[in-house]
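Q: I'd like to learn how to read salt bridges in a model. Can we go through some together?

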Amino acid sequence: TMTTLLTTLRAELAPLMKRREKFTLRAVRDAIAAIENAEVTYLTTPDPFDLPSEHIAGAARFGTAERIVRELSDDEMLSIARAQVDVRLEEAVRYRSEGEVDRALTLKAEALALTDRLDAYAGSHSGD
């Protein structure tokens, strides 16, 4: 199978747990979740029954949500993951301004750890 950013990040989870790198682990997990969420969209299809009376039809027409999983391109995955970095950096600024320096430093550490991984990945896959 082709290596994607998603498979690369998933492969990091076990080693990170083993090494107890909790900042990196949290950042990598969040990036994985964000990519997985972006891959799944829900299509609502109208209910298939043609019912005789308008009243009953109205009651029955809740429709069923169908999960559609779309493969994202690597560029899309990278931009979603980089957005996770940006969110952390913005939050870090906010926490720092509120005097919560430890929380700000934690978020910066997570952002940095994730950036390192994304840059390494992007570098090794450029021109594929």
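Q: Is Glu 110 buried or exposed?

A: This is a predicted model, so keep that in mind as we go. Glu 110 is buried, with a relative accessible area of 2%.

Q: What does Glu 110 form a salt bridge with?

A: Here's the general idea: side chains of opposite charge can pair when their charged atoms come close. In this case Arg 88 is the partner, and the closest N and O atoms sit 2.6 Å apart. Arg 88 counts as buried too, at 5% relative accessibility, because the cut-off for buried is under 20%.

Q: Which helices do Arg 88 and Glu 110 lie in?

A: Arg 88 is in helix α4 and Glu 110 in helix α5, so the pair ties together parts 22 residues apart in sequence.

Q: What about Arg 82 and Asp 119: how far apart are their closest N and O atoms?

A: They're 3.0 Å apart, and the two residues form a salt bridge. This pair also links distant parts of the chain: Arg 82 belongs to helix α4 (residues 74-97) and Asp 119 to helix α5 (residues 101-125), 37 residues apart.

Q: Which residue does Arg 94 meet in a salt bridge?

A: That's Glu 98, with an N to O distance of 3.4 Å. Arg 94 is partly exposed, its relative accessible area being 36%, and Glu 98 is partly exposed at 47%.

Technical notes
Residues are numbered from 1 along each chain as its sequence is written. This is a predicted model: local features need pLDDT of at least 70, side-chain atom pairs count only at pLDDT 80 or more; totals for chains, interfaces and linings use all residues. Side-chain values use heavy atoms; hydrogens and water are left out. A salt bridge is a side-chain nitrogen of Lys or Arg within 4 Å of a carboxyl oxygen of Asp or Glu. Helices (H or I, at least four residues) and strands (E, at least two) are DSSP runs, numbered from the N terminus. Buried means under 20% relative accessible area, exposed over 50%, partly exposed in between (1.4 Å probe, protein chains only).
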